[in-house]
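Subject: Structure for you to look at

Hello,

Here is the structure I promised to pass on. Please open it beside this email, as the notes below are meant to be read with it in view.

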Amino acid sequence: MWAYTGKRLLQGVLTVWFIATATFIAMHNVPGDPLMNDKAVSTAIRANLEAKYGLDRAVFPDQYLIYLGNMVRGDFGISFTQQNRLVNDIIREHFPVSATLGILAVLFAALGGILWGALTALYRNRLPDIVIMFLVILGISVPSFVFAALGQLGLVQLNGLFGRQVLPVAGWGSVGHMLVPSLVLGLSTMAFLTRLMRSSMLEIVNADFIRTANAKGLPPTRIFLKHQLRNAILPVITVLGPAIAAITTGGFVVELVFAIPGLGRYFVEAVQQLDYTVIMGTTVFYGAFLVLMVIVVDLIYGFIDPRVRLE
Amino acid sequence: MAESTIATGSVKASDFAPLAAGRSAETISRPSLSYWQDAWRRLKDNRRALISLYIVVGLLLLTLVGPFIWTMDPALQDLDQVSQPPFADRSATIAAPYSSWDTSDVAPSADGLAVIEPPTSQSVRLSWESIPGSSGGYRIYRNIFPIGPERALGLPLGDVFGGAPRFFEDRLDLEPRTYYYSVVALDENQRETTAFLQRTIDVRRVITAKEAIDKGLAEDTLPVGAELRLTAHPLGTDYLGRDLLARLMHGARTSLFIGIFAPILYVLIGISVGSIAGFAGGRLDQLLMRFADFVVALPFLLFMIVFKIAFGIGPGESGIFPMLIAMVILLWPATARLVRGQILSIKNQGYVEASKLLGASSGYLIGRHMIPNTLGVILVTLTFAVPSAIFTEAFLSFIGMGVAPPTPSWGSMCNEGLKTMLTTPHELIFPALFISITVLAFNLLGDGLRDALDARMRSRE
Amino acid sequence: MAENSAASLNRAALLQLGLLIAASVAALFLLMVLLNWAASATGSDASAAKAVDLEARSISVIVQNEPPQLNSMKATDTDSGQVLGHIMEGLLRYDINNQLAPGVAERWDIRENGATFWLREDAKWSDGEPVTAHDFVFAWRTALDPATASIYAFILYPVKNGEAINRGEAAPETLGVRAASDRRLEIEFEQPVAYFDKLVAFNVYYPVREDFYRSTNGRYGADADEMLYNGAFVLSEWVHNASMRFEKNPHYWDRDSIYLNSIHVPFITNSKHTAVNLFKDGRVAMAELDAETLPDALQQQWHIKRFVDGSVFYLEFNHRPGRVSTNLNFRRAIEMALDPKELVFRVIKVPGYLPGETLFPIWLMGEKTLFRQEYPPAQRIYNPERAREHLEQARVELGLNAWPPLVLLSGDTPISVKQSEHIQAKLRENLGLDMRLDRQIFKQRLEKMKNGEFDIVMAGWGPDFDDPMTFGDLFASWNLQNRGRYNNPKLDAQVRIAQASLEPAVRMRAFGEIQRILKEDAVILPDYERGKVFVQDPRMIDMARRAVGPDPDYSRVRLVDAN
């Protein structure tokens, strides 16, 4: 177990190195000049700025090695647009926002997916099944930005209906701000998990061990909880890793529409401004975060499902 | 059951005579079904999958054949019909070409707010009586609603400063409808006073005789005042008056091109890498799979954006190819892993062992056993990959990192439509509907294919 | 499986599910309480935002983009400029009628070779210390020091030795500014400047106190507590990219005319949609509109206002040798094939926009009245037939068989996208030209402009100070902003006249000449003057919107009970 974890972590470090290198190569092939501004500057100022960001050195190996060295020390440099803010500070301030939104969205998606999935399986081909599966189809086939815009519109209508603020329309700062955005963010994953849960439940209803349990005369509650639900959830957990990835990096749209100060929105703005250090820092940080998430989910899976041996 | 058969049948001696030796004894009375025939049969039984298949074929026809039937140029801007919903009124009247208004010999109105010339979609020419206390001039407003107690006057069109003649010409986005104009007096600090005049004006849509000929609405010069109907747009027009149907069909080219070709390309690369790794094994396998692990770990959307700015889009380019390449670079490993896994499991199957013992070459093994047996899984992966590729394109277009205009794509059309969701919903509904239908069709088709192709993977629905 | 056992299993399962749902809702609720606590640490409590709070004398508004930094010596963008305008004050400032008014300086004297400013005694920093002439000397020297790398340092070039210091050719101490006493600031000019009073209202000219600046270790202006304020408000809270809060500055000399106790910025967003939704919801006191949100605003029966924001947008030709755009007939053909009125009235469709007529926008003052009235620009003619004749002439002159595809470089804002698509369609329709759109993000577009990788570029210019010169020298051959590399000694000569003279009549005549040359030579094709349309809470009055200076300015806002 420990050896396995160690090995996975080592692989993770290598993967992060690869992500960092790929980001570095991609960013240094970006046409355009991050120091460009709408006011032309004198050569002396330009030289100073280049020295500040180390752009006066050779790209390889100097800049690459400095970049890697700084990264090992956990230092992503200074932002190009906000010239006295560290990328680390930016990540520290904005990532918790995205993470909070993401956690809530994953929770909504997972809980919703499991519950709706189980419900549809139990009511197979009856009205609840049909209604829920229709909603699932909507959730899968409508782009998220449409949901985001509709969600905000819905909030405005809701507040208008009650004549006072039931839930805030945009912004950040309380749990009321999170509800609708995280729901929108988790929607497509929820739909996907519902489908998965449904088919996995249906598969298990006919499995031998359920039959055996029934024949043994186990009480139905126990069968459902201990055998059916628990086993049906397993495949859902395997896809949670990628789902977390999709949700945390897919938060841009929701953050843009609901004016949420998350890292995703910051990234999109940094791209528009060609803010090299912020783009590289954010990409590598997200990459590392996802690698870690996948490892954690794998370990949890091994913990829950004794059939999987971690080696 | 068994007993009754014996009871009803009458046994004859000839029944016990041996059959003549021949090949016919080996014949199976039911026709033998190949893997694909069987799959096709099962797919045909699945109504949802079959409908989806028809939809997919329909979409492809729309993309490939549609533009030959509905030949409207998707880039043609019909500024007389901007953001028109389907079945909007298309009538127009011929008018003289616009010429700028010379007010030098026109007497300003002495009685309320007056229209100097017949109001048309070219221009509305106003004049008004002098309002007491208007030392700073006048501000002209236009509303699409009658002015109620809120005194919301609508769009502030412009100011006429104190001392200037009391004329105003409105040319801003005039549509054939009723407008409520008002003129407010300004005090010496240019602040609005409470005094104002108002008037309801019905605007008629006009075009010039020359425009009518240019647009192919008339053969030769029509007289002023003649009635005609403007170009028909079955699904309405967008914010630049471009035909939505034509744009949807051309947008389908972009969206489906990315949606179908990107998956095909990366699945092909995935198959090659996966089969090499699976078949070769050992060091090469390790190396390739490690690399695949690395690539899988790259945060997908972030890298799509980074690649997009790294590749850049040159002048006149649509940016479809950079997007395609970025997708291929980032998405091949999933298929590679899948194919490798399949090949590894097939490699140990009895029939492959047997084949090997009988002296089959590697080429034969791959061609006869490996590929056909993995093809089903690959086809299913491919079908499911299409919707996610379409979504990716739409998503990138939404944050402005997608296909460059004027190339239409469903995603960018949605993005445009979203902004005017409340006033002209058709600009959002149609492209969103196309995305949804396509995604849904491919998803259901994928389900059907999975059920039909692989008994082991059958979902129990 | 027998029917009844399946049914009992189902019943049991539903019960279980119900319990599970209850449990997870409870768990979610707990989590939310936790998250609520966590979120209040990462953002301000925006749910408490009220557009206008009459009792607390506070308003809530939107800032469109996070200010990259609030170091007045280095800030370059309009958002930083807007925020700085509320919390800092220069020697002079703009009042609510957009006229220059005394700021830190109570009186001043501008001469041919220099200027003197007398600082008011009660001008104080937010820590109670007086604002002295030394603070200006320090700020100006630091801004020009190449080590500071201030992109806007050029605006200090009229001060003697400014340019040499900025190039690294002279020491910052040699700058022609001197604190004759704590209260008197003496300035020497490099050459006469007719508009120095307007320059000192700009943020690079704001004071910075040396001891505080040094104590921040290069983080000056990065956070609310890394700044010292001398304006009407202090920035009491700044959660990056999320929210800001301004409190009335108790040490501000003119505190008696400041009505508001606080200004909240609970939202930083440039989405007009979100802004309108927030306005509708009563969360913010002002929202800007665009073509897409206007119909909604009409429907809501809001009082819509507009103003010209000062910027001019135009098509700039590439005048580098070898380009077809060096041919006058070609430029003339494009000019006659495009109609700015059609662009503004039927494509952009926002009432505040004005069809472009000239480089010099409508609000610029001339000698006595508006410059536009004193020197009316020649009318632009839209005539596709004559455009085709010019194009044919150009083709013959250039010795071309057919027109190659041409590159139209544009930005990626919604309006630029619309406009570029319109221009492309129009030139194809009227001239049969094949324009290739090159849509780039801001910095990549600038890079391409600098390198001359375009035939026509959609460009724009916003004013830095309230004098025609902020536009007038744009196409001088030495100006680095002249991205098309237009080079005309006659125009250069007029720019020099306008720069060297203090005589308004002479200067305006020179600007009139510049305007004539630009039109005659079709150097640029003005498209539009940008306008803004907005709605504001009727209880909020005296908000200033202006072309030059901090905009929008809430510092002198008063609140009235609308009922």
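Below is what I found, chain by chain and then where the chains meet.

First, some housekeeping: this is a predicted model, in which local features need pLDDT of at least 70 and side-chain atom pairs count only at pLDDT 80 or more, while totals for chains, interfaces and linings use all residues. Residues are numbered from 1 along each chain as its sequence is written, and chains are lettered from A and ligands numbered from 1 in the order in which they are written.

**Chains A and C**

Chain A has 13 helices and zero strands (helices are DSSP runs of H or I of at least four residues, strands are E runs of at least two, and both are numbered from the N terminus). Its C-alpha atoms fill a box of roughly 85 × 60 × 30 Å along the principal axes. Of its 311 residues, 48% are buried. Here a residue is buried if 20 or more other C-beta atoms lie within 10 Å of its own, exposed if 12 or fewer, and partly exposed in between, with C-beta atoms placed from the backbone. Among the contacts in chain A with a separation of 6 or more, 74% join residues 24 or more positions apart; a contact is a pair of residues whose C-beta atoms, placed from the backbone, lie within 7 Å.

Val294(A) counts as buried because it has 21 C-beta neighbours inside 10 Å. Val294(A) and Arg8(A) are 286 residues apart in sequence, yet their C-alpha atoms are 10.0 Å apart in space.

Chain C has 17 helices and 20 strands. Its C-alpha atoms fill a box of roughly 95 × 70 × 50 Å, again along the principal axes. Buried residues make up 53% of its 563 residues, and 67% of its contacts with a separation of 6 or more are between residues 24 or more positions apart.

Within chain C, have a look at helix α10 (residues 340-348): seven of its nine residues are buried, so α10(C) is largely enclosed by the rest of the structure. Those buried residues are Pro340(C), Leu343(C), Val344(C), Phe345(C), Arg346(C), Val347(C) and Ile348(C). Their cover includes β14 (354-355), α13 (414-431) and β18 (524-536) of chain C. Just after α10(C), Lys349(C) takes a positive phi of about 60°.

**A helix pair in chain B**

In chain B, the axes of α11 (residues 362-398) and α12 (residues 410-419) come within 7 Å and cross at roughly 40°. (Axes are lines fitted to C-alpha atoms, for helices over the stretch in contact, and angles run from 0 to 180 degrees between N-to-C directions.) α11(B) and α12(B) are therefore oblique to each other: angles under 35 degrees count as roughly parallel, over 145 as roughly antiparallel, 65 to 115 as roughly perpendicular and the rest as oblique.

**The core**

The largest nonpolar core has 353 residues, and Val253(A), Cys414(B), Ile59(C), Trp140(C), Val284(C) and Ala287(C) touch the most other members. Such a core is a set of buried Ala, Val, Leu, Ile, Met, Phe, Trp, Tyr and Cys residues joined through C-beta atoms within 7 Å. Helix α4 (residues 87-122) of chain A gives the most to this core, with 20 residues.

Leaving out residues up to four places away in sequence, Cys414(B) touches Pro143(A) and Val146(A) as well as Ala394(B), Phe398(B), Leu428(B), Pro431(B), Ala432(B) and Ile435(B).

**Where the chains meet**

The contact between chains A and C takes 62 residues from chain A and 65 residues from chain C. On the side of chain A, α4(A) gives the largest share, twelve residues.

Chain C also meets chain B, with 30 residues of chain C in contact with 29 residues of chain B. Here α13(C) gives the most to the side of chain C, with six residues.

Happy browsing, and do write back with any questions!

Key. Contact = placed C-beta atoms within 7 Å.
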